[in-house]
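Visitor: Could you take me through one part of this model, its pockets, and then show me what is built around the elements that line them?

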Amino acid sequence: MRYKPQSFFVEESQLEGVKQFNTDNTPIYVASENVMKNITGYSLTGGVLSAMHRKCPLTPTKLIETCNKIVVLDDVENPTNVGAIFRSATALGAEAVLLTEGCADPLYRRAARVSMGTVFQLEWTYINRSDIHQLKESGFALMALSLTDHAKSLSDLKLTSNKRVVVLGNEDHGISPEVLNTCDMSVIIPMSNGVDSLNVASASAVAFWEIFEKV
């Protein structure tokens, strides 16, 4: 397994089901539904919890060398947004996510849940802003989703390179100038009715579809 379980904590009704796939004889602890709710502090446990060992992440250099479709998150702070972005990225062709240090932890409970578990499926690691230039030097086209004066509409975007990066920024102030200046272009989603932008998680799904799947 990519994330090896250390132990399972399950409701009595779920015990037999967990035993069926517990081939490594990982310890299983059993409790009633009420006990689980009291220990965890919330009701929606699904009847099965697990403590997992974090796997050792690949280095940014390794992901840059082995992937063609990468997402960069620049200080996306809300774990709900991070989880939703991971779900869209996995579904729409991304191969890896690189996060700056100001981002919410993808393995935070809320992020993992909103992602529908894709934070355990998609490769990701942290990268320093000062190292994002490595993507450009490796032949990637870096597209920043940003409301700049010279931004191109996604509907007009034409790409020739198969090595593509979508850069998404902070919910408040957007992409940092340091990262934005590294990008090849800014792109926007055409809007109607006086709305200038979408939530970063919603916008990410549109951008991934246009850049990773359609273009």
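Guide: Let's start with the second largest pocket, which has 23 lining residues, and L145, S146, L147, S197 and L198 are the ones nearest its centre. Please keep in mind that this is a predicted model, where local features need pLDDT of at least 70 and side-chain atom pairs 80 or more, while totals for chains, interfaces and linings use all residues. Numbering runs from 1 along each chain as its sequence is written, and side-chain values rest on heavy atoms, without hydrogens or water.

The second largest pocket holds about 450 Å³ of space. A pocket here is an open set of points on a 1 Å grid where a 1.4 Å probe fits, with protein on both sides within 12 Å along at least five of seven lines, and lining residues have an atom within 4 Å of a point; its volume is the space filled by probe spheres set on the points. Two elements, β10 (185–188) and α8 (200–214), each give two or more residues to the lining of this second largest pocket. (Helices are DSSP runs of H or I with at least four residues, and strands are E runs of at least two.) By class, the lining of the second largest pocket has twelve nonpolar, eight polar and three charged residues, with Gly counted as polar and Asp, Glu, Lys and Arg as charged.

Helix α8 also contains W209. W209 is partly exposed, because its relative accessibility is 40% and that class lies between buried, under 20%, and exposed, over 50%. Its C-alpha atom is 17 Å from that of C67, although 142 residues of chain separate W209 and C67.

Now for the largest pocket, with about 820 Å³ of space. It is lined by 21 residues, and those closest to the centre are L49, S50, R109, A112 and F120. Strand β3 (48–52) and helix α5 (109–114) are the elements that contribute two or more residues to the lining of the largest pocket. That lining divides into 13 nonpolar, four polar and four charged residues.

Strands count as paired when DSSP finds at least two bridges between them. Strand β1 (residues 5–11) runs antiparallel to β3, and five bridges join them. In that pairing, F9 faces L49 of β3.

Follow α5 instead, and the loop between α5 and β6 (123–126) brings you to M116. Its phi is near 60 degrees, a positive value in a residue other than glycine. M116 counts as exposed because its relative accessibility is 58%.

D75 is buried, since its relative accessible area is 15%. Strand β4 (residues 69–73) is joined to β5 by four bridges and runs parallel to it, with L73 opposite L99 of β5. In strand β5 (residues 96–99), A96 and L98 point one way and V97 and L99 the other, and all are buried.

Terms used: Buried < 20%, exposed > 50% of the residue type's maximum accessible area, 1.4 Å probe, protein only.
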